[in-house]
Amino acid sequence: MKNFISFLLLVFSFSFNFYSQTTTINFETAGDGYTPSTTFGSNYTDVFNRTNYNISGVSNEDGYYWAVEDISGNPNITLDQINVSGSSTFNFSIDMLAHHYDDWDSTDEVLITYSLDGGSYQNLMWIQMVPQGSGTATNEPVALDTDFDGEGDCGANATLPAISTGTGSQGCQVSSSDFETFTANNISLNSATTLD
């Protein structure tokens, strides 16, 4: 699994559920199940790193998480290869929270992909700015891009919560300041034995 992230805060942990096993990457132990391409910063601003900074106003943050804000380039996190022998599908879940409800630009994105048995990478989950007709393509809420078209889809099960809440210029409302779990369910493994 790889995440490509540019700019702004995104904090997360994730888990996979397979036929009869669960693999969780929770960042409690540095490098346990994952390898970042780089790390820098601490707390939750100007950072690409694991942290356990206690964020004021967030009631369900517990322990370590991965924080990303104001970065350049395309740093990524690669998860260790997972043995999926005997499983037919996998479920992916990720807990996420943005810093500000209105700070994502059209060039900011998180792309989560996966590969089966060393094959080509496929889209799993994208997180993008919600443009909703914004003429400036800047400073809008962020949401899942469910159809992988490069635009976040504002909605109850797609829009990311944010530490500072509000409504974007085109009406996309962000009302929660707690981590929320987002999932991709029943992804076929096509008889694969390894998942990257």
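Hi everyone, and thanks for coming. Before we start, please keep in mind that the model is predicted.

Let's begin with strand β6, which covers residues 65-69. Is this strand mostly covered or mostly open? It is mostly covered, with 5 of its 5 residues buried.

Now look at the partner. Strand β5, residues 47-51, pairs with β6 in the antiparallel sense, over 5 bridges. If you want a landmark in this pairing, find F48, which stands opposite V68 of β6.

Stay with β5 for a moment and pick out N49, which is found in that strand. Its relative accessibility is 18%, so N49 counts as buried, the cut-off being under 20%. What does the side chain of N49 meet? One of its polar atoms lies 3.0 Å from the backbone oxygen of G41. Beyond its close sequence neighbours, up to four places away, N49 touches T39, F40, G41, Y65, W66 and A67.

Next, the aromatic rings. How many aromatic pairs are there? The count comes to 7. A pair of rings is described by how far apart the centres are and by the angle of the planes. Take F27 and W66: their centres are 5.4 Å apart with 45° between the planes, and the pair is tilted. F27 sits in the loop between β3 and β4 and W66 in strand β6, so this pair ties together parts that are 39 residues apart in sequence. F27 is buried, at a relative accessible area of 0%, and W66 is buried too, at 1%.

W66 also pairs with F48. Here the ring centres are 5.3 Å apart and the planes stand at 75°, so this pair is edge-to-face. F48 belongs to β5 and W66 to β6, so the parts tied together are 18 residues apart in sequence. F48 counts as buried, with 0% relative accessibility.

A search of the whole structure finds 1, and it joins C154 to C172, with 2.2 Å from S to S. Why is it called right-handed? The torsion about the S-S bond is about 100°, so the disulfide gets that label.

Two more stops. S115 is in the loop between β10 and β11, and at 1% relative accessibility it counts as buried. A polar atom of the S115 side chain lies 2.5 Å from the backbone oxygen of G119. Leaving out residues up to four places away in sequence, S115 touches S120, Y121, T194, L195 and D196.

Finally, N185 has its place in strand β16 and is partly exposed, at 48%. Which residues does N185 contact beyond four places in sequence? They are F90 and N91. The C-alpha atoms of N185 and F90 are separated by 6.8 Å, although the two residues are 95 residues apart along the chain.

That's my tour, so please ask away!

Technical notes:
Residues numbered from 1 in each chain as written. Predicted model: local features only at pLDDT ≥ 70, side-chain atom pairs only at ≥ 80, totals over all residues. Heavy atoms only, no water. Buried < 20%, exposed > 50% of the residue type's maximum accessible area, 1.4 Å probe, protein only. Helix = DSSP H or I, 4+ residues; strand = E, 2+ residues; numbered from the N terminus. Pairing = 2+ DSSP bridges. Contact = heavy atoms within 4.5 Å. Polar contact = N/O pair within 3.5 Å; in protein donor to acceptor, adjacent residues only side chain to side chain. Disulfide = S-S within 2.5 Å. Phe/Tyr/Trp six-rings, centres within 6.5 Å; stacked < 30°, edge-to-face > 60°.
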